[in-house]
Amino acid sequence: MIVKIVENYLELSRLAASMVTKEINNCKSLVLGLATGSTPEGMYAELVKQFKAGNLDFKNVITFNLDEYVSLKPEHPQSYYYYMKRHLFDHVNISQENINIPTGCSNDLYKECYEYEMKISKAGGIGLQILGIGANGHIGFNEPAEALSVNTHLVKLADKTIEANSRFFKSPDQVPREAVTMGMGTIMHAEKIVLLASGTGKSEAIKQTLSGRLTTAVPASLLQLHRNVTVIVDREAAALII
Ligand code: PGA
């Protein structure tokens with residue numbers, strides 16, 4: 001794992017965006033795995049800036065998002081579909097048919113999960129996967145558990161995640177209790193991974209992620225087995241590793 005410690009959130013966002021830009025510009029076509037949450041917002045703003053400056057072309061980019069809440073329709077302001085449109089897709093030249101986000105609204109979510117996984121495989125797997133990290137060490141919505149799932153699956157959100165994400169909703173009881181998420185295998189099969197963490201709230205999770213020990217209690221710690229992971233952390237998130 002390569003760990004890059006930067007001064008602040010702006011630097012983190014710029015560095016992450018420059019890595020994505022480089023990857024898009026160096027590849028004929030790129031399968032890009034995307035994350036939501038507060039952390040990558042600055043990176044998306046920077047990517048939009050680069051696109052508007054003519055430095056970036058999404059024509060040959062296919063995206064797959066990590067996860068989506070169960071029961072939120074795409075037009076719900078807190079759905080990850082809506083988030084992606086607001087922060088990136090509405091501002092760049094990506095074709096609609098190249099956008100993939102798990103659906104959380106279906107009578108057969110198991111089938112949807114299987115099909116999502118197949119779609120990623122057919123696209124040739126993820127080339128570059130962007131990840132945030134939960135304060136509890138989750139990646140995507142792979143929550144700490146005795147056993148983790150390999151493929152895209154339905155998951156019950158941890159109480160800590162519901163509490164953390166309630167800041168985006170009017171009240172905690174409006175936060176969906178379940179989500180669909182890529183599995184640990186889906187993520188680990190990505191060719192390259194960039195994990196972003198900002199703020200003191202992530203410092204313990206980052207310490208555990210880089211600890212040299214693997215545990216399903218900290219799903220991100222499994223990234224230590226991957227050959228090409230860059231962890232970008234600001235000083236606050238790096239507080240317990242420096
Ligand atoms: P955050 O979420 O970027 O909003 O902190 C990250 C995550 O839960 O994976």
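1. Helix 2 meets helix 3 through Glu41, Tyr44 and Val48 on one side and Tyr83, Met84 and His87 on the other. Contact means heavy atoms within 4.5 Å. The residues of this contact divide into four nonpolar, one polar and one charged. Nonpolar covers Ala, Val, Leu, Ile, Met, Phe, Trp, Tyr, Cys and Pro; charged covers Asp, Glu, Lys and Arg; the others, Gly among them, are polar.

2. This is a predicted model: local features need pLDDT of at least 70, side-chain atom pairs count only at pLDDT 80 or more, and totals for chains, interfaces and linings use all residues. Residues are numbered from 1 along each chain as its sequence is written, and side-chain values use heavy atoms, with hydrogens and water left out.

3. Helix 2 (residues 41-52) and helix 3 (residues 80-87) pack at about 40 degrees, axes 9 Å apart. The two helices are therefore oblique to each other (under 35 degrees is roughly parallel, over 145 roughly antiparallel, 65 to 115 roughly perpendicular, the rest oblique). Axes are lines fitted to C-alpha atoms, for helices over the stretch in contact; angles run from 0 to 180 degrees between N-to-C directions.

4. The ligand is surrounded by Gly37, Ser38, Thr39, Gly132, Ile133, Gly134, His138, Arg167 and Lys202 (a heavy atom within 4 Å). Ligand oxygen atoms lie 2.7 Å from a side-chain N or O atom of His138, 2.9 Å from a polar side-chain atom of Arg167 and 2.6 Å from a side-chain N or O atom of Lys202. The protein covers 85% of the 280 Å² of accessible area that the ligand has on its own (Shrake-Rupley method, 1.4 Å probe).

5. Check Ser71. Its phi is near 85 degrees, a positive value in a residue other than glycine. Ser71 lies in the loop between strand 4 (67-69) and helix 3 (DSSP runs, numbered from the N terminus: helices H or I, at least four residues; strands E, at least two).

Methods
Polar contact = N/O pair within 3.5 Å; in protein donor to acceptor, adjacent residues only side chain to side chain.
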